[in-house]
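Let us take a friendly walk through a structure built from several chains. Keep the sequence and the 3D view side by side as you read.

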Number of protein chains: 4
Amino acid sequence: MDITLKEAEKVIENAKKKAVEMGLKMNISVVDGGANPVAFARMDGAWLGSADIALKKAKTARYFDMPTGEIGKLSQPGESLYNIEHSNGGLITFPGGIPLKNNDGAIIGAIGVSGSTVDNDHTVAKAGVEAL
Amino acid sequence: MDITLKEAEKVIENAKKKAVEMGLKMNISVVDGGANPVAFARMDGAWLGSADIALKKAKTARYFDMPTGEIGKLSQPGESLYNIEHSNGGLITFPGGIPLKNNDGAIIGAIGVSGSTVDNDHTVAKAGVEAL
Amino acid sequence: MDITLKEAEKVIENAKKKAVEMGLKMNISVVDGGANPVAFARMDGAWLGSADIALKKAKTARYFDMPTGEIGKLSQPGESLYNIEHSNGGLITFPGGIPLKNNDGAIIGAIGVSGSTVDNDHTVAKAGVEAL
Amino acid sequence: MDITLKEAEKVIENAKKKAVEMGLKMNISVVDGGANPVAFARMDGAWLGSADIALKKAKTARYFDMPTGEIGKLSQPGESLYNIEHSNGGLITFPGGIPLKNNDGAIIGAIGVSGSTVDNDHTVAKAGVEAL
């Protein structure tokens, strides 16, 4: 089952609200269970280059069904997934991407947030996740 | 001057409303004056492949400051802009992309709609344009 | 032998002057004998999407040592070079690209112009050629 | 607000002058506020491969509104933005890219310089910045 546009808009709304609270300007992207784009918003003044990063974080989180930061630990030099970022047209493997689940725990998509430190990106993404 | 996120959301909202009225499922993309993505929505059940087309229509409309269908007339075999689509990482030159202007007539971005016939795509894009 | 930066700047200056005379806003690109970029200028208000087209016209003209429009005649459906535009990361085969020669007639680069009708693009490119 | 071509030419002129003073051959690129190319110059004998790097440095500096070297510190193995270079069609995150601001401090574009050590690239880029 896939996330609906209505749900994706709620996810983005919650993430935006959190970003405003924290005084941040974010790019927020939501993909569905097929890792295809559902909704996106760039807050006024947010980094232009973060639009693509937000989308790639959302895709990466759904491609491997885990927060992007987890993959990043394994893609460091010497680690098992070293340079996995070269696949799928470019992955982003630092924090800010998180899978989205329905009430039954099934993955229905993912959110990707970019525009600040990776900790802030992750915090805002988590606020998006909690909208569901 | 660039379109704001609030304006872009209004544009998408109007386009979505029109699509619902017409019984259509659309991908709707808005870019700013620099042809960078501002907002995007894929209505439930809309074609997956139309997400990229909607974005490319919006970019194309801003790249050349005219409705995409106008360019398509000139890019036919034997016409003056034949195969212009090979530039800029891929253009889409059939109807559904329209520049967005502010009240002074200055271009502040563009909308791209994809998901039905090109006539329907254009009609829904026009509804988006009229939101400003 | 390659075009120098000084010569390329003269080429662009002449093309710009012609564009101003004709009331046009152009993107003008110059490549050297290796089809590598030497100089580029986008006049204020010129189409954003024409930056890539101007470069691709210049490259195309040097790749095949003839005006881009000549190649376009041969790349039409049914003609011998049909869809040659798919090569070299994207060619542009309508008028506006012309090889640049030194006084001995040797090709030292090419100019590509984009921003108006292909006839105007070609006229402005020719003004650039005449600077040498 | 975007940088004008006249301003971009002044930026490149200043950077070139500095490069000549230092005995260097540089590729110098200027993009506008939307990260779209405005002007470019490759000095005679400068590295061919640095044309693309200069453009990517300028884009990267505008995409994230900071000098490219700052991003490079954070994209090292083990750091928070490791492998961010895989986004946006390829970033360059070593020094040589700097945002360009108007007198009010608003970012109106960016300069990217490539052709020598990264320290020299940065120094020449800075000379370009100071032209405004």
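## A salt bridge inside chain A

Asp121(A) and Lys57(A) form a salt bridge, and their closest N and O atoms are 3.0 Å apart. Asp121(A) belongs to helix α4 (residues 118-129) of chain A and Lys57(A) to helix α2 (residues 50-64) of chain A, so this pair ties together parts that lie 64 residues apart in sequence. Please remember as you look that this is a predicted model.

Side chains of opposite charge can pair when their charged atoms come close. How many salt bridges does the count give over all chains? The count comes to 32.

## How chain B relates to chain A

Two copies of a chain are related by a rotation about an axis and a shift along it.

Strand β2 (residues 37-42) of chain A pairs with β2(B) in the antiparallel sense, over three bridges. As for the surfaces, 100% of the interface residues of chain B are interface residues in chain A as well, so the copies meet through the same surface.

## What the A and B contact is made of

Chain B brings 16 residues to this contact, and chain A brings 16 residues too. The size of an interface is often given as the accessible area lost when the parts come together. Between chain B and chain A, the buried area is about 1,300 Å², and carbon and sulfur atoms give 47% of it. Leu5(B), Phe40(B) and Arg42(B) supply 38% of the area that chain B buries against chain A, which is more than any other three residues.

The side chains of Lys16(B) and Glu9(A) meet in a salt bridge, at 2.5 Å from N to O. Across the interface of chain B and chain A, 13 residue pairs are in polar contact. On the side of chain B that touches chain A, α1 (5-21) and β2 (37-42) of chain B each supply at least two residues. The largest share, six residues, comes from β2(B). Sorted by class, the residues on this side of chain B are nine nonpolar, two polar and five charged.

## How chain B relates to chain C

Now turn to chain C. Chain B superposes on chain C by a rotation of 91 degrees with 0.1 Å of shift along its axis, at an RMSD of 0.2 Å. The two copies are thus related as by a four-fold rotation axis. In chain B, the C-alpha nearest that axis is the one of Pro77(B), 4.4 Å from it.

## What the B and C contact is made of

Here the contact takes 17 residues from chain B and 20 residues from chain C. The area buried between chain B and chain C is about 1,400 Å², with 63% given by carbon and sulfur atoms.

How many salt bridges are counted between chain B and chain C? The count is zero. Polar contacts do occur, though, with nine residue pairs found across the interface of chain B and chain C. The side of chain B that touches chain C has seven nonpolar, eight polar and two charged residues.

## A closer look at Asp52(C)

Asp52(C) has its place in helix α2 (residues 50-64) of chain C. Beyond its close sequence neighbours, Asp52(C) touches Ser87(B) and Asn88(B). The side chain of Asp52(C) reaches the backbone nitrogen of Asn88(B) at 2.5 Å.

Asp52(C) and Ala131(C) are 79 residues apart along the chain, and their C-alpha atoms are separated by 23 Å.

Notes
Residues numbered from 1 in each chain as written. Chains lettered and ligands numbered in written order. Predicted model: local features only at pLDDT ≥ 70, side-chain atom pairs only at ≥ 80, totals over all residues. Heavy atoms only, no water. Least-squares fit on C-alpha atoms with pLDDT ≥ 70 in both. Contact = heavy atoms within 4.5 Å. Buried area = accessible area lost by both parts, 1.4 Å probe. Salt bridge = Lys/Arg side-chain N within 4 Å of Asp/Glu carboxyl O. Polar contact = N/O pair within 3.5 Å; in protein donor to acceptor, adjacent residues only side chain to side chain. Helix = DSSP H or I, 4+ residues; strand = E, 2+ residues; numbered from the N terminus. Nonpolar A, V, L, I, M, F, W, Y, C, P; charged D, E, K, R; others polar. Pairing = 2+ DSSP bridges. Lists of a residue's contacts leave out its neighbours within four places in sequence.
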